[in-house]
Amino acid sequence: MKGKSKRCLAGLLALGILGSQITACTSVTEQQVSPIEHQAEASEESVEVSRISHGNYAYQGLSQEERQVYDEIVSVILSHQEKITLSCIDTEVMRKAYTAVCADYGGLFWVNGYVFTKYTKGEETVGLEFAPNYTMSEEERQQTQQQIDRVVEAWLGGISITDTDYDKVKYIYELLSTNTEYVEGAENSQNIISVFLNGQTVCQGYACAAQYLMKQLGISSVIVSGTALGDAHAWNLFQMDGAYYYMDVTWGRGRYVENGTEKYFVDYKYMAMTTEEMLRNHTPDDGVVLPECTAVENNYYRQEGKYIQEWEPDVIGAYFSQAYAEKEMVTLRFAERELYDKAISYFIEEGNIVEYCPKMEEISYMTEENWLEISFCFLE
């Protein structure tokens with residue numbers, strides 16, 4: 001490439017976005033006592049059990065018994081009651097129900113795990129008591145909720161519940177990617193306080209906030225836990241126009257270093273993934289039964305016209321030219337490897353990018369072979 005220098009900004013996906021430990025919803029303490037000494041205390045409980053979770057994804061995947069316990073757990077948490085005697089005596093049913101509650105309710109910022117007490121008679125379990133581990137008083141919770149509500153109202157001011165599902169999801173993805181910084185050890189990183197009030201979080205906070213915001217806009221969503229590249233991680237499953245997709249907002253905050261300066265951008269490849277794409281570097285656990293996601297209609301590149309299916313150099317070059325003029329970053333995804341290889345050869349190796357970006361003195365670009373993507377960075 002005569003008179004021009006090439007610089008490949010690699011390692012995009014591994015920059016500062018992994019390694020967090022998911023601790024929310026896992027703090028569990030067991031007590032085992034005789035039913036006689038606690039009989040009077042247990043009989044005084046009065047928690048009204050509401051059934052407000054019909055339609056929630058994780059809830060729908062439970063058995064009838066598990067749904068009942070789920071309802072009981074949600075009711076005691078939302079009413080901020082101290083404890084409740086569950087309708088079951090099986091700790092595995094309780095665990096599964098609580099896992100589903102955490103997956104469906106990303107906004108439970110005032111709870112961090114639970115204590116359960118087994119009432120036994122000899123070797124037989126005759127009762128099971130569930131007590132949420134609250135991190136704040138009910139008054140503090142209400143004050144914090146008001147603060148969060150004000151931020152959420154401002155953040156969602158640019159979108160409407162009547163907009164398309166795609167527009168809603170893209171808006172939320174961009175909001176979280178650009179307004180929240182990934183910081184290991186951030187305060188309240190396992191809940192939405194870290195996102196809406198502190199602006200610093202880790203994967204669990206991102207996933208909780210994404211689920212919370214999508215729910216405000218009528219988008220069905222659930223939090224998925226597992227690992228990514230071997231580290232504990234959390235992301236989302238959600239629905240657009242009746243089809244399921246995966247989203248990882250944590251990885252949506254792309255970063256690279258140029259001339260010693262960190263630059264950030266929205267990486268859209270993780271906004272609406274199929275199961276095959278998600279499994280390339282994510283491994284979900286078995287806490288929630290997940291569907292096979294195959295839809296591609298609402299993929300960012302297809303929706304934005306940046307999915308290249310034919311070799312038309314001027315059409316491709318026009319995207320680069322516009323991004324260059326507006327000092328933005330542009331990413332194109334190619335339908336076939338042959339097209340991807342041809343674009344690298346034509347625009348980068350042969351230097352024809354300068355025909356569309358005049359006065360360019362050097363190229364800042366990234367290639368993603370596994371995704372058949374090429375990105376050109378024109379950010380200031």
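1. A pocket is an open set of grid points with protein on both sides within 12 Å along at least five of seven lines, and its lining residues have an atom within 4 Å of a point. Keep that in mind for this predicted model.

2. Start with the second largest pocket. It is lined by 16 residues. Y300, K306, E328, M329 and V330 lie nearest its centre. The space inside comes to about 330 Å³. Elements that give two or more residues to this lining are β12 (261-266), α10 (300-303), α11 (313-325) and β15 (329-334). By class, the lining has 11 nonpolar, two polar and three charged residues.

3. Now the aromatic rings. The structure holds 26 aromatic pairs. One of them joins Y268 and Y300: the ring centres are 3.8 Å apart and the planes lie at 5 degrees, so this pair is stacked. Y268 lies in the loop between β12 and α9 (275-278), while Y300 is in helix α10, so the pair ties together parts 32 residues apart in sequence.

4. Are these two tyrosines buried or exposed? Buried means under 20% relative accessible area. Y268 has 16%, so it counts as buried. Y300 has 8%, so it is buried too.

5. One aromatic cluster is formed by W311, F320, Y324, Y346, F347, Y356, Y365, F376 and F378.

6. Look also at charges over rings. R141 lies over the face of W110, at 3.8 Å from the ring centre. The charged end of R253 sits over the ring of Y264, 4.1 Å from its centre.

7. Last, the cysteines. A disulfide is a covalent bond between the sulfur atoms of two cysteines. A search of the whole structure finds zero disulfides. C357 is buried at 0% relative accessible area, and C377 counts as buried at 6%.

Definitions and conventions:
Residues are numbered from 1 along each chain as its sequence is written. This is a predicted model: local features need pLDDT of at least 70, side-chain atom pairs count only at pLDDT 80 or more; totals for chains, interfaces and linings use all residues. Side-chain values use heavy atoms; hydrogens and water are left out. A disulfide is a pair of cysteine sulfur atoms within 2.5 Å. Buried means under 20% relative accessible area, exposed over 50%, partly exposed in between (1.4 Å probe, protein chains only). On a 1 Å grid over the protein atoms alone, a cavity is a set of points where a 1.4 Å probe fits but cannot get out, and a pocket is an open set with protein on both sides within 12 Å along at least five of seven lines; lining residues have an atom within 4 Å of a point. Grid points are joined across faces, edges and corners, and a volume is the space filled by probe spheres set on the points. Helices (H or I, at least four residues) and strands (E, at least two) are DSSP runs, numbered from the N terminus. Ala, Val, Leu, Ile, Met, Phe, Trp, Tyr, Cys and Pro count as nonpolar, Asp, Glu, Lys and Arg as charged, and the others, Gly among them, as polar. Rings of Phe, Tyr and Trp (its six-membered ring) pair if their centres lie within 6.5 Å; planes under 30 degrees apart count as stacked, over 60 as edge-to-face and the rest as tilted. A charge sits over a ring if NZ of Lys or CZ of Arg is within 6 Å of the ring centre and within 35 degrees of the ring normal.
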